[in-house]
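The sequence and the structure come next.

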Amino acid sequence: MAKLWAGRTAGVTDPVADDFNSSIRFDCKMYRQDIEGSMAHAAMLGAKGIISQQDAATLIDALQGILDDLNSGALEFDMACEDIHMFVEQVLTERVGDVGKKLHTARSRNDQVALDLRMYLRSETQEVIALVQELLAAITAQAEAHKASILPGYTHLQRAQPITFGHHLMAYAMMLLRDVDRLQDALKRLNVSPIGCCALAGTTYDTDRWMEAKQLGFDSVARNSLDGVSDRDFCVELLSGYAILMMHLSRLSEELILWSSWEFQFVSLSDAYTTGSSIMPQKKNPDMAELVRGKTGRVYGDLMALLTTLKGLPLAYNKDMQEDKEAIFDAVETVKMCLQVFAPMIATMTVRTDNMKKAAQTGFINATDLADYLVKKGLPFRSAYKISGQIVAKCIAEGKVLETLTLDEYKTFSDLFDEDLYPEIDLNTCVEKRSSEGGTSVQSVEAQIAYVKACLKS
């Protein structure tokens, strides 16, 4: 097949080189953006008198026909074409003849691909944000249902202090809110039109870059033509946002895996999001959560791949930059797939509040409250800390918990202990006393839930 760039060379390359150079097998997913960008470009060329209004109308009608045919399946991609831009231009020229050859006036594939990629990622990232918001809604609903359900809070994977399950879940809600904010902020810098930068130096034609930008939904245009075609920092920034989002999903996945294990039994995941064993009939494996945890490394790899690709490139465009697409496309698809399974997995999860409460009762997680009781009675905190530790050691040795020790036993450690001790170390009291903003009391968790709901509405 003759290359559209034939001229300086014969345009004949080795078939192996053709395959190596080709990108249509993955950049064809940007066909809609490529065609919509071309329609806006044709409209601008006609409006500025660079081509006739009639030719512009012919191009726009033909491009719409190509888009319709691709959407319906009437037209298939020609994998012999070098990229999606060449494919569209080839089909266009076949349909309208020499008029089709006018479309590429005042434009290069360098600014064209940058335009397509920005438009594609803008759309895909908006979908990712919507999916994160669905997950936030599922997490918030579970948190609301369990705003008073007590479980142990952990540090170093050791039982630390009593919290509510709703409080624990809302920690992830806050992380996900920041993920949404990060992606929305990245979209502001992404939403800049590079079209009209051409190959690297702009064009001699009297174009209207703002007209095209406005028609395609961009907020502004690239202020430097070299920068417009040669940087992919918007891809790196989005990949960073995706990687952080996946980190949060992976951490929650790890907890779901632990909580659903026989050792914890804090939650039971729906059969729809677990699998069985081919040899052990008793197994119920949290495979979806494990896959999310595993795919996190894949998105990290996409980020590092693009950073490495860009780190040594001189200005302006280099063919290395073709490597941006497979990395960013893979990350987008992976993140979307993980989110699509995560929200319903959380929504259908059964919470075993009885097991959570039992674990909280046997973990001495009210020991800090025991020390605080003595501090309120006038004992210095370090002295109270030591006495509380000695009491915990006694309980462990005798198979008891703080709530079951008698007052006489407490008084062997300090005369400050009295009957008012037991309400102070009750787990419900321990939770409700932590009513500081952001704390684990029911009232505080309700405020966190209300905040997230307000963010989702806005």
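Contact here means heavy atoms within 4.5 Å. The model is predicted: local features need pLDDT of at least 70 and side-chain atom pairs count only at pLDDT 80 or more, while totals for chains, interfaces and linings use all residues. Residues are numbered from 1 along each chain as its sequence is written, and side-chain values use heavy atoms, with hydrogens and water left out. Helices (H or I, at least four residues) and strands (E, at least two) are DSSP runs numbered from the N terminus. Buried means under 20% relative accessible area, exposed over 50%, and partly exposed in between (1.4 Å probe, protein chains only).

- Ser230 belongs to helix α9, which covers residues 225-230.
- Ser230 is buried, its relative accessible area being 10%.
- Not counting residues up to four places away in sequence, Ser230 touches Leu315, Ala316, Tyr317 and Met321.
- The side chain of Ser230 also reaches the backbone oxygen of Leu226 at 2.6 Å. A polar contact is a pair of N or O atoms within 3.5 Å; within protein, one must be able to donate a hydrogen and the other to accept it, and residues adjacent in sequence count only if both atoms are side-chain atoms.
- Two of the residues touched by Ser230, Leu315 and Ala316, are joined by a cis peptide bond with omega of about 5 degrees.
- Ala316 is located in the loop between α11 and α12.

- Helix α11 (residues 287-310) has 24 residues and spans 35 Å from its first C-alpha to its last, close to the expected 34 Å. The expected span is 1.5 Å times one less than the number of residues.
- α10 has 27 residues and reaches 39 Å between its first and last C-alpha, close to the 39 Å expected.
- Of the 27 residues of α10, 19 are buried, so this helix is largely enclosed by the rest of the structure.
- In α11, the buried residues are Ala289, Val292, Thr296, Val299, Asp302, Leu303, Leu306 and Leu310. They pack against α10 (233-259) and α12 (324-347).
- The α11 residues that meet α12 include Met288, Lys295 and Arg298; among their partners in α12 are Asp324, Asp330, Cys338 and Met345.
- α11 and α12 pack at an angle of about 160 degrees, with axes 9 Å apart. Axes are lines fitted to C-alpha atoms, for helices over the stretch in contact, and angles run from 0 to 180 degrees between N-to-C directions.
- The two helices α11 and α12 are therefore roughly antiparallel, a term for angles over 145 degrees.

**Met356**

- Met356 sits in helix α13 (residues 353-361) and is buried at a relative accessible area of 0%.
- Leaving aside neighbours within four places in sequence, Met356 is in contact with Ile150, Leu151, Pro152, Phe165, Phe266, Val267 and Val351.
- The C-alpha atoms of Met356 and Val267 are separated by 8.9 Å, although the two residues are 89 residues apart along the chain.

- Most residues other than glycine have a negative phi, and most peptide bonds are trans.
- Ala106 has a positive phi of about 60 degrees. Ala106 lies in the loop between α5 (84-96) and α6 (109-145) and is buried, with a relative accessible area of 9%.
- Leu157 also has a positive phi of about 60 degrees. Leu157 is in the loop between β1 (150-155) and β2 (158-164) and counts as exposed, at 60% relative accessibility.

Technical notes:
Parallel < 35°, antiparallel > 145°, perpendicular 65-115°, else oblique.
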